[in-house]
Amino acid sequence: MEEKEKNVENVGKLKKYFICLKKGWLIVLIFAIIGLLTGFIIADKTFSKPYFDANYATLHFKYTKDIDFSYKDIISIDNINRCKNITKSLETGLKISTYQYVEIEDIKIEAHDSYFTIYANQDSFNVSKDYTYSDSVAKGFLKHLTLLPFITDKEIEEYNQSDRKGHSVFSNFDNEFYKSNSIDQENHLWITYSNPNAINLNKEAKIKYYSIWVGSFLLGTFLLGLFFVYIYVDKLNLSIHKEYDNKDLYRTPFHKSYFVDSIKYLKNMKSLVMIAIIMALVLICKFIPIPSGFGSLGIGLSYLFLSVGAMLFGPIPSLIIGALSDILGYFIRPDGIFFIGYTIQAMLACFTYALCFHKTYITFTRCLVARVIVNFICNVLIGSICWAIISNFTFDAFMTYMLTISLPKNIVYLLPQSLLLFFVLKAVSIPLFHMNLMDERISHNFSFF
């Protein structure tokens, strides 16, 4: 008898799993795509920085005229030793005291159609005070290495002892090409950390490449399955009946009244006071920066309060809230320069939250979709474009920043931000209902799907 009841219970659970899978197909699809992107980034980074090979400092350069020497002479032992004897910069005339400590362990050069590339073992430039890698020395040493074939030993000796602020040999170096291939756009060389042997992957490397890619995808999918089965399935209420009247509750925001009705909140004193409180909380969050671990990008909590405002007041007030949050935030806590692109980014993010949360049943799926739009369109695409305009990036530098810093950061924090958003909205919904700011049908019927 007990065994029969247990089988019935198991059938019930299995049916519940299928219902969850049917209702949560969008969540599965989003995380499948995220798993694929994560796998690709891991694989790409793995072969940009191989496990068993040293990292390389890489310089791409071009000459302004035809050369009368072999390009391989640039990395010859004689030329390297001559470079170590330089005590004054050929470009600025400033004294140099570190080149003599450089010990080139491994160096290679490749000739392309219109430019050259030098690869030098990163450990060759461990000349800082704590005997670690010095980026500035690598940049300067490799650049001088390309110029020395144009100058004799006698000229170097005379130049080292003179008061001249730069040598004419520098005109042989194509500085415009050098600038266009510079990530920081400040006349620094493009120093990357990659193994030149990994450019043409052999069969074994390709197998490893796709194993990491596919393996990461499958691992992400497996973890997602565990997430559903062991954490949420038994706690879900799948019997919520959702009704929409396109007045107080909308299935979609594609109705004229959805936008027109939101304007009335700007004429209501209670709503204006609530908007002011939300704005104050958003501005307080500006003083609580949280490092993300991805370059200078940080993590903010202001999106939680902006989402609450968007949920309560709809699309039109949300545009205003977004604009004010960026403009007032800049004047209260300036960080860099003011740029209108970031204001538009904040407005679009708030507008997205309004379309997903205002006057509709709130689910985790909606929170996830909202964060996907904000993370990948507002943050990755628009945010990277704004930063590229401010920093005067080339297209290559823009793509490098977007794909190696902004995109990974937004992928990693997508799930935590979505879950936090869902639980915060659920937590504040009941108090907001008692304040007559939220419909009871919405505040009491939060669900996962």
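**Figure 1. Contact between helices H13 and H15 in the predicted model.** On the H13 side, the residues that take part are Phe364, Cys367, Leu368, Arg371, Val372, Asn375 and Phe376, and they meet Leu414, Leu415, Gln417, Ser418, Leu419, Leu421, Phe422 and Leu425 of H15. Sorted by class, this contact of H13 with H15 comprises 11 nonpolar, three polar and one charged residues. Helix H13 covers residues 364-391 and helix H15 covers residues 414-434, and the two pack with their axes 9 Å apart at an angle of about 130°. The two helices are therefore oblique to each other, and the crossing of H13 and H15 is right-handed.

**Figure 2. Contact between helices H9 and H11.** Helix H9, residues 269-285, and helix H11, residues 315-332, have axes that come within 10 Å and cross at roughly 45°. That angle makes H9 oblique to H11, and the crossing of H9 and H11 is right-handed. From H9 the contact draws on Ile275, Met279, Val282 and Leu283, while H11 contributes Ile321, Leu324, Ser325, Leu328, Gly329 and Ile332. The residues of the contact of H9 with H11 fall into eight nonpolar, two polar and no charged.

**Figure 3. Salt bridge between Arg82 and Asp153.** A search of the whole structure finds three salt bridges, and the one shown here joins the side chains of Arg82 and Asp153, with an N to O distance of 2.6 Å. Arg82 belongs to helix H3, residues 77-84, and Asp153 to helix H5, residues 153-161, so the pair ties together parts of the chain that are 71 residues apart in sequence. Arg82 has a relative accessible area of 12% and is buried, the cut-off for that class being under 20%.

**Figure 4. Salt bridge between Lys84 and Glu103.** The side chains of Lys84 and Glu103 meet in a salt bridge, at 3.4 Å from N to O. Lys84 lies in helix H3, whereas Glu103 lies in the loop between H3 and strand E2 (107-111), so this pair ties together parts that are 19 residues apart in sequence. The two partners can also be described by their accessibility: Lys84, at 17% relative accessibility, counts as buried, while Glu103, with a relative accessible area of 47%, is partly exposed.

**Figure 5. Salt bridge between Asp439 and Arg441.** Side chains of opposite charge can pair when their charged atoms come close. In the salt bridge that Asp439 forms with Arg441, the closest N and O atoms are 3.2 Å apart. Asp439 counts as partly exposed at 23% relative accessibility, and Arg441, with a relative accessible area of 31%, is partly exposed as well.

Figure 6. When residues up to four places away in sequence are not counted, Ile80 touches Ile75, Ile104, Ile107, Phe141 and Leu145. The view also includes His144, which is 64 residues from Ile80 in sequence, with a C-alpha to C-alpha distance of 9.6 Å in space.

Conventions. Residues are numbered from 1 along each chain as its sequence is written. This is a predicted model: local features need pLDDT of at least 70, side-chain atom pairs count only at pLDDT 80 or more; totals for chains, interfaces and linings use all residues. Side-chain values use heavy atoms; hydrogens and water are left out. Axes are lines fitted to C-alpha atoms, for helices over the stretch in contact, and angles run from 0 to 180 degrees between N-to-C directions. Helices (H or I, at least four residues) and strands (E, at least two) are DSSP runs, numbered from the N terminus. Angles under 35 degrees count as roughly parallel, over 145 as roughly antiparallel, 65 to 115 as roughly perpendicular and the rest as oblique. A crossing is left-handed if the near helix is turned anticlockwise from the far one by less than a right angle, and right-handed if clockwise. Contact means heavy atoms within 4.5 Å. Ala, Val, Leu, Ile, Met, Phe, Trp, Tyr, Cys and Pro count as nonpolar, Asp, Glu, Lys and Arg as charged, and the others, Gly among them, as polar. A salt bridge is a side-chain nitrogen of Lys or Arg within 4 Å of a carboxyl oxygen of Asp or Glu. Buried means under 20% relative accessible area, exposed over 50%, partly exposed in between (1.4 Å probe, protein chains only).
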